[in-house]
Amino acid sequence: IPKPVAQVVGNLSVEFTHGMADTDYGLRAKAEGISSWVMPDYIGTCYHNSKKEVWFDHKNPLIKRVRALLGPKGLPIKEWKVFTSRHGGRGWWIFFIKPYLRVLFPRWWQKLKRE
C-alpha cells in the first residue's frame with residue numbers, strides 16, 4: 001500500500017482477523033476516492049485452500065459447513081456484523097443474515113435461486 005494511501009485510509013481494521021480486512025480496506029479506500037487495481041486472475045495459489053467455499057457446498061455435513069462459516073476464513077458473526085453494517089447500507093442486515101441462511105437451508109436456497 002503506497003504511503004499516501006495509508007496516510008488517508010490508515011491501517012487494516014483490528015476488527016478483522018483474515019480476508020475481510022483486505023476487502024474492508026479496499027472499500028474504505030474507495031470511499032475516500034482512491035482507486036484500486038485488481039488482477040484479472042489468480043497470481044498465486046495455496047495447496048491448502050480450495051477455490052470452493054466449504055460452507056456453500058451442500059454435500060458437506062451441516063456441522064462442517066457451520067464450523068467453516070464461523071471460522072477465521074469464513075464469516076465469523078462479530079466480524080461479519082461489523083463488515084456488513086459498515087459497508088451494506090441501510091439494508092446491511094440482509095447481507096448479514098444471507099450466508100447463514102444459505103448454510104442452514106441449502107436446498108431451500110437452491111430452490112430460491114432457480115425461481
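Q: Where does S13 lie, and is S13 buried or exposed?
A: Helices are read as DSSP runs (H or I, at least four residues), just as strands are (E, at least two), and both are numbered from the N terminus. In this predicted model, where local features need pLDDT of at least 70, side-chain atom pairs count only at pLDDT 80 or more, and totals for chains, interfaces and linings use all residues, S13 is found in the loop between helix 1 (3–9) and helix 2 (20–31). Residues are numbered from 1 along each chain as its sequence is written, and side-chain values use heavy atoms, with hydrogens and water left out. As for accessibility, buried means under 20% relative accessible area, exposed over 50%, and partly exposed in between (1.4 Å probe, protein chains only). S13, with a relative accessible area of 12%, is buried.

Q: Which residues is S13 in contact with, leaving aside its neighbours within four places in sequence?
A: Contact means heavy atoms within 4.5 Å, and on that reading S13 is in contact with D24, R28 and R86, once its neighbours within four places in sequence are left aside.

Q: What does R28 touch, leaving aside its neighbours within four places in sequence?
A: R28, which has its place in helix 2, is in contact with V9, N11, L12, S13, R86 and H87 when neighbours within four places in sequence are left aside. R28 and R86 are 58 residues apart along the chain, and their C-alpha atoms are separated by 9.4 Å.

Q: How should I read the crossing of helix 2 and helix 4?
A: Axes are lines fitted to C-alpha atoms, for helices over the stretch in contact, and angles run from 0 to 180 degrees between N-to-C directions. The axes of helix 2 and helix 4 (residues 77–87) come within 11 Å and cross at roughly 15°. Angles under 35 degrees count as roughly parallel, over 145 as roughly antiparallel, 65 to 115 as roughly perpendicular and the rest as oblique, and helix 2 and helix 4 are therefore roughly parallel to each other. For handedness, a crossing is left-handed if the near helix is turned anticlockwise from the far one by less than a right angle, and right-handed if clockwise; helix 2 passes helix 4 in a left-handed crossing.

Q: Which residues of helix 2 and helix 4 meet?
A: From helix 2, M20, T23, D24, L27 and R28 meet E79, W80, F83, R86 and H87 of helix 4. By class, this contact of helix 2 with helix 4 divides into four nonpolar, two polar and four charged residues, where Ala, Val, Leu, Ile, Met, Phe, Trp, Tyr, Cys and Pro count as nonpolar, Asp, Glu, Lys and Arg as charged, and the others, Gly among them, as polar.

Q: How do helix 3 and helix 5 cross?
A: The axes of helix 3 (residues 62–70) and helix 5 (residues 92–104) come within 9 Å, crossing at roughly 160°, and the two helices are therefore roughly antiparallel to each other. Helix 3 passes helix 5 in a right-handed crossing. In this pair, L62, R65, V66, L69 and L70 of helix 3 meet P99, Y100, V103 and L104 of helix 5, a contact with eight nonpolar, no polar and one charged residues.

Q: Where is N60, and what does the side chain of N60 reach?
A: N60 has its place in the loop between helix 2 and helix 3 and is buried, with a relative accessible area of 15%. The side chain of N60 reaches the backbone oxygen of V54 at 3.1 Å, and N60 touches V54 and R65 when residues up to four places away in sequence are not counted.

Q: Is E32 buried or exposed?
A: E32, in the loop between helix 2 and helix 3, counts as exposed at 51% relative accessibility.

Q: How many helices and strands are there in the protein chain?
A: The protein chain has six helices and zero strands, and of its 115 residues 26% count as buried.

Technical notes:
Polar contact = N/O pair within 3.5 Å; in protein donor to acceptor, adjacent residues only side chain to side chain.
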